[in-house]
There are 2 protein chains.
Amino acid sequence: MHSFGYEIKSRQGRARAGIFHTPHGDLETPLFAPVGTQATIKSVTPSQLEELNAGLVLANTYHLYLRPGDETIAQLGGLHTFMHWDRPILTDSGGFQVFSLANTRKIDAEGVTFKSHIDGSTHRITPEKSILIQENLGADIIMAFDECGDPYDLEKNQVALRHTHAWAERCVKAKTRSDQALFGIIQGGVYPELRIQSVDYLASLDLPGYAIGGLSVGETKQETLAILELVDTYLPENKPRYLMGVGSPEDLITGVQRGVDIFDCVLPTRLARHHTAISRTGRINVANARYTSEKSPLDDTCSCYTCRNFSSAYLRHLVLAKEILAATLLTIHNLNTLLTLMRDIRFAIISGRFNEFAADFLEHYEKCA
Amino acid sequence: MHSFGYEIKSRQGRARAGIFHTPHGDLETPLFAPVGTQATIKSVTPSQLEELNAGLVLANTYHLYLRPGDETIAQLGGLHTFMHWDRPILTDSGGFQVFSLANTRKIDAEGVTFKSHIDGSTHRITPEKSILIQENLGADIIMAFDECGDPYDLEKNQVALRHTHAWAERCVKAKTRSDQALFGIIQGGVYPELRIQSVDYLASLDLPGYAIGGLSVGETKQETLAILELVDTYLPENKPRYLMGVGSPEDLITGVQRGVDIFDCVLPTRLARHHTAISRTGRINVANARYTSEKSPLDDTCSCYTCRNFSSAYLRHLVLAKEILAATLLTIHNLNTLLTLMRDIRFAIISGRFNEFAADFLEHYEKCA
């Protein structure tokens, strides 16, 4: 039996700096997890990720179930061996992507039937099936199968919440491996009473961590922040909180300010493949003609491989020439920006100056964005 | 004044193992140079290339002249700084690519007028212009501007040879930098008398090295090998010989057997982007269904990052999922195969067992190809 204990080392306001123990090592929180949808963080090697000192990475159950198949990955020794990543991995439940990516899907009280976006074949995922797939994949953190409703549809959110709670309980029962931490997912749209109900129900299952789902799906920023504050107030404080699909620098800061410990997002890797760099002051369009002869790096405060060794002019050239190296070097830079930001946030919390750090960051970020 | 002396350390038959001195370090020959057409070896970082212990890399004058421009690269400190490669670089003259890539081109006795494949703009390259561009780029080895005729057209080869020789002499006169070695290019199609004439003329210029051009452009393998033997017989032996555009393992072996010291080719990097691995026994289609659950690496005799850490099944998954990492990992493997092969060839020559090595290699390579 593995322990997934979460220790809070320091607090400032709602912000927390902690350590989450997993079978593949300790995670220092708050943290940002790069996304490796198909068992690879797009355009970088595991060795480059290690050099960036990434802790947790995410992989997607829906994609890996369809291709190459969770049983194939299990035969090959599990996801850590498959993708050559010895540090902690988190897999989602497949639910969100079934709802958003699969060609057609039909939700019932027992689960979801859908058609593959790859070949149109029909599949069904239930809570038990989601756990089976995630046990075959073998990540350190796995997610309960949930349903995410339209944020402004009360009736749909009530149904989604019934499913999410019943399914979470079935996931707990279906789980057989002791070396994986099952996180519950709080739903409820923009409705405070539903959110509180969801926190109460899932907290009663005494899970090792909780995700806040159904955010960044169309609601306003103000609503997002209000829900985070509400959920923070009601959640057990000794469990890590994971805000799914959020990763812009300003959202990381405001999330940590509201008690979030774990974030993931495709943003830094996706922007990199679309010639956009993330710096500590805003976004940079690397194709901009102003960089034609620019000797300095993209961000002269950055310590990454890209900024240490390459001029902005070279990166612009790679972008215009459509070279793969552009994606690799910008991915390294963007991930370094977010990973370093999270380490700086953590240090600021521990040293009691997070409020100033956050205010200063947001002031400079908005100015240049 | 830099010395570009070539020292032959060991011989076996026509095969030579030597050291070529350049301002960016010594090159151990025979060697294979990866191609970085647009100032990047496609899909790998300079750091990954260093880990592979690549010596010389090639970049293309035609491409870099058009984008980002040789003057821009000069302002940024030259090609070594621009692409962050501190080891030796070779640039071609632009001639071959103008002839094969530009939309329309018109050759006269003074040079070539052509249209850019990027934007259709009109440009003119003369021998003097080619040297000026290559001096702006600042590679260690630069090439004389030449004309490559149809291998079987005697009359065209006679004209091309007149141009090639007159242009080589103009390149020598135009050259101003002492830290670049200008290589001449031997032309003459499949015609022994033209080839001998070309060797004699270019040898009289006492250049620091010689390329054998106009091969692998449509003639038979037997004709290629016959011309290599002929050229080897007539070339001054204390100068390195460079066979342009050749890089399949069997051609490296048969080239070294005929006195070639330097090779370059896009083959290993291009095959990698088309899911093909090169092993010591032949080519591997990584998408093959036989690798679906294959735990072993692509090549269990290979010491590269890819083969040390990833199963064939994972590589097949990346290929099918169209992930960029497939190109990176296969490029690392393919380059390692050729770079290691060249080091093994060199060691075999020095230890007097190259004939056995070559026979053994060719026997096993052809069996499984």
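This is a predicted model: local features need pLDDT of at least 70, side-chain atom pairs count only at pLDDT 80 or more; totals for chains, interfaces and linings use all residues.

My entries follow, starting with how the chains sit together.

**Entry: the two copies.** I laid chain A on chain B and got an RMSD of 0.0 Å, using a turn of 180 degrees and a shift of 0.0 Å along the axis. The copies are therefore related as by a two-fold rotation axis. I then asked which C-alpha of chain A is nearest the axis. That is the C-alpha of A:Ile324, 3.8 Å from the axis.

**Entry: the interface.** I checked whose surface meets whose. Of the interface residues of chain A, 100% are also interface residues in chain B, so the copies meet through the same surface.

**Entry: helix α8 of chain A.** I picked out residues 192–204, a helix of 13 residues. From first C-alpha to last it reaches 18 Å, close to the 18 Å expected at 1.5 Å a residue. Which of its residues are buried? I listed A:Leu194, A:Arg195, A:Ile196, A:Ser198, A:Val199 and A:Leu202. Their cover includes helices α7 (154–174) and α9 (221–234), along with strands β11 (181–186) and β12 (210–212), again of chain A. After α8(A) comes A:Asp206, and I wrote down its positive phi, near 50 degrees.

**Entry: B:His63.** I moved to chain B and found this histidine in helix α2, residues 61–66. Is B:His63 buried or exposed? Its relative accessible area is 10%, so I put B:His63 down as buried. Leaving out residues up to four places away in sequence, B:His63 touches B:Thr37, B:Gln38, B:Gln97, B:Leu101 and B:His117.

Conventions: Residues are numbered from 1 along each chain as its sequence is written. Chains are lettered from A and ligands numbered from 1 in the order in which they are written. Side-chain values use heavy atoms; hydrogens and water are left out. Helices (H or I, at least four residues) and strands (E, at least two) are DSSP runs, numbered from the N terminus. Buried means under 20% relative accessible area, exposed over 50%, partly exposed in between (1.4 Å probe, protein chains only). Contact means heavy atoms within 4.5 Å. Copies are superposed by least squares on the C-alpha atoms of residues with pLDDT of at least 70 in both. The expected span of a helix is 1.5 Å times one less than its number of residues.
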